Amino acid sequence: MIDLYTWSTPNGRKVSIMLEELGLPYRVHPVNIGAGEQHTPEFLAINPNNRIPAIIDQEGPEGRPFKLFESGAILLYLSWKTGRFLPTRVTDQFEVIQWLMFQMGGVGPMFGQVHHFLRAAPEPVPYAITRYSTETRRLYGVLNGHLTQHEYLGSEYSVADMATYPWVARHEWHKVDLSDFPAVKRWFDRIGARPAVQRGMLVPQIQK
Ligand SMILES: N[C@@H](CCC(=O)N[C@@H](CS)C(=O)NCC(=O)O)C(=O)O
């Protein structure tokens, strides 16, 4: 059994998508980050970085419970545990890791800053909006260029697609029209048609 600590955000949904794809049994523990639940001592004991997602694999390596935070690390751990969604050929594997890092270091932080400055900042900061929106469109351009030539981010459907999809799903929040990036749109529709992705995107609204 895997305990998933999550909320209805892109970083949380990466992991629920993966768990749905794997068909592993898991329990959802909603952590309402809007209400500050990420700062409780109980949650900090699981993730000292006070961010969702986090997991506890009750049947971790060596048969012991294993706690993990950082969505990219969680996806790689679940791949390691199951042997799925990460190719084994070294070059293919590192290409997936490359796109996962691209998501973790670029897509997530930059799209997230656009969301913050457009939707949450207490006052308009035009410089920040321009800076992060420009970078967001640049990242979409990189994705679009790659996906023009490839069906998935790696050589096959992988954790890199699962990590990127929930961020692109917020395209209206960062004011990107997917018709400007047609290869991203085709990829987005392809990934979004997967039933496991659809189920994972509903967590934590659907209690497991
Ligand atoms: N790099 C982290 C980022 C996690 C993160 O930023 N989570 C957000 C929700 S998407 C959060 O918990 N925010 C709570 C806060 O800012 O206090 C990961 O990928 O797991």
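This is a predicted model: local features need pLDDT of at least 70, side-chain atom pairs count only at pLDDT 80 or more; totals for chains, interfaces and linings use all residues.
**Around the ligand**

Let's start with the ligand.

| Residue | Ligand atom | Distance |
|---|---|---|
| arginine 51 | oxygen | 3.4 Å |
| glutamate 70 | nitrogen | 2.7 Å |
| serine 71 | oxygen | 2.6 Å |

You'll find glutamate 70 in the loop that runs between β4 (66–69) and α3 (71–82), and its side chain has a polar atom 2.7 Å from a ligand nitrogen.

Which peptide bond is cis next to proline 53? It's the one joining isoleucine 52 to proline 53, with omega at about 5°. Proline 53 sits in the loop between α2 (41–44) and β3 (54–57).

To find proline 204, go to the segment after α8 (195–200).

**How the helices pack**

Take helix α1 (residues 10–22) and helix α6 (residues 159–168) to begin with. They pack at an angle of about 135°, and their axes are 8 Å apart. That angle makes α1 oblique to α6. The crossing of this pair is right-handed. On the α1 side, the contact uses Pro10, Asn11, Arg13, Lys14, Ile17, Met18 and Glu21, while α6 brings Val159, Met162, Ala163, Tyr165, Pro166 and Trp167. Sorted by class, that gives nine nonpolar, one polar and three charged residues.

Next come helix α5 (residues 126–149) and helix α7 (residues 182–192). How are these two oriented? They pack at about 75° with axes 7 Å apart, and α5 and α7 are therefore roughly perpendicular to each other. Tyr140, Leu143, Asn144, Leu147 and Thr148 of α5 meet Pro182, Ala183, Val184 and Trp187 of α7. The class count for this contact is seven nonpolar, two polar and no charged residues.

Helix α5 has another partner: helix α4 (residues 90–120), whose axis comes within 9 Å of the α5 axis and crosses it at roughly 145°. The crossing of α4 and α5 is left-handed. From α4, the residues involved are Trp99, Phe102, Gly106, Val107, Met110, Phe111, Gln113, Val114, Phe117 and Leu118. On the α5 side they meet Ala128, Ile129, Tyr132, Ser133, Glu135, Thr136, Leu139, Tyr140, Val142, Leu143 and His146. By class, this contact has 15 nonpolar, five polar and one charged residues. Tyr140 and Leu143 of α5 show up here, and they also take part in the contact with α7.

How values were computed:
Residues are numbered from 1 along each chain as its sequence is written. Side-chain values use heavy atoms; hydrogens and water are left out. Axes are lines fitted to C-alpha atoms, for helices over the stretch in contact, and angles run from 0 to 180 degrees between N-to-C directions. Helices (H or I, at least four residues) and strands (E, at least two) are DSSP runs, numbered from the N terminus. Angles under 35 degrees count as roughly parallel, over 145 as roughly antiparallel, 65 to 115 as roughly perpendicular and the rest as oblique. A crossing is left-handed if the near helix is turned anticlockwise from the far one by less than a right angle, and right-handed if clockwise. Contact means heavy atoms within 4.5 Å. Ala, Val, Leu, Ile, Met, Phe, Trp, Tyr, Cys and Pro count as nonpolar, Asp, Glu, Lys and Arg as charged, and the others, Gly among them, as polar. A polar contact is a pair of N or O atoms within 3.5 Å; within protein, one must be able to donate a hydrogen and the other to accept it, and residues adjacent in sequence count only if both atoms are side-chain atoms.
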